Amino acid sequence: SVCMHEQGHCMTGALHKISSPYELVARNENKACRASFEKYLPPQELQRAMDSGYREPWQMADFFDLPEEDIKKALHYWTQCRGVKFD
């Protein structure tokens with residue numbers, strides 16, 4: 001999970017100094033999260049888990065071997081931010 005997120009920083013160049021303004025830090029964290037969801041938890045993979053019977057976030061966390069919070073964030077990103085509808 002941590003490596004997935006940190007790779008999102010590297011893939012997008014969303015890097016900042018510790019002393020950076022909060023706005024920049026928040027923007028870079030958001031970019032890193034989006035990139036990691038797009039690479040590691042795309043809608044097709046989430047749908048595949050759902051089609052396999054993993055419907056609840058805690059079940060999907062087991063399926064992907066990730067923390068439940070990451071699954072919830074990915075589901076929010078895809079459904080609320082990108083308008084993806086899952087069956």
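Modeller: The expected span of a helix is 1.5 Å times one less than its number of residues; helices here are DSSP runs (H or I, at least four residues), numbered from the N terminus. The model is predicted, so local features need pLDDT of at least 70 and side-chain atom pairs count only at pLDDT 80 or more, whereas totals for chains, interfaces and linings use all residues. Residues are numbered from 1 along each chain as its sequence is written, and side-chain values use heavy atoms, with hydrogens and water left out.

The part I take is α5, residues 68-81. Its 14 residues should span 20 Å at 1.5 Å a residue, and the end C-alpha atoms are 19 Å apart, which agrees.

Burial comes next. A residue is buried under 20% relative accessible area, exposed over 50% and partly exposed in between (1.4 Å probe, protein chains only). In α5 the buried residues are D70, I71, A74, L75, Y77 and W78. Viewed down the helix axis they fall within an arc of 155 degrees, so they line one face of α5; the arc is taken over the directions from the axis to the C-beta atoms. Q80 and C81, on the other side of α5, are exposed.

A nonpolar core is a set of buried Ala, Val, Leu, Ile, Met, Phe, Trp, Tyr and Cys residues joined through side-chain atoms within 4.5 Å. The largest such core has 15 residues, and L41, L46, M60, F64 and I71 touch the most other members. At least two of its residues come from each of α3, α4 and α5, and α5 gives the largest share, five residues. With contact meaning heavy atoms within 4.5 Å, I71 touches L41, P57, M60, A61, F64 and L66, residues up to four places away in sequence not being counted.

Rings of Phe, Tyr and Trp (its six-membered ring) pair if their centres lie within 6.5 Å; planes under 30 degrees apart are stacked, over 60 edge-to-face and the rest tilted. The count by this rule is four aromatic pairs. One of them joins F37 and Y77, with centres 5.9 Å apart and planes at 40 degrees, so it is tilted. Because F37 lies in helix α2 and Y77 in helix α5, this pair ties together parts that are 40 residues apart in sequence. Y77 also pairs with W78, edge-to-face, at 4.8 Å centre to centre and 65 degrees between the planes. F37 is buried at 6% relative accessibility and Y77 at 7%.

Charged side chains complete the account. A salt bridge is a side-chain nitrogen of Lys or Arg within 4 Å of a carboxyl oxygen of Asp or Glu, and the count is three. Within α5, K72 and E68 form one, with the closest N and O atoms 3.5 Å apart; being four residues apart, they are separated by about one helical turn. K72 is partly exposed at 40%, as is E68 at 32%. In the segment after α5, R82 meets E38 of helix α2, so this pair ties together parts 44 residues apart in sequence; the N to O distance is 3.1 Å. Also just after α5, G83 takes a positive phi of about 75 degrees.
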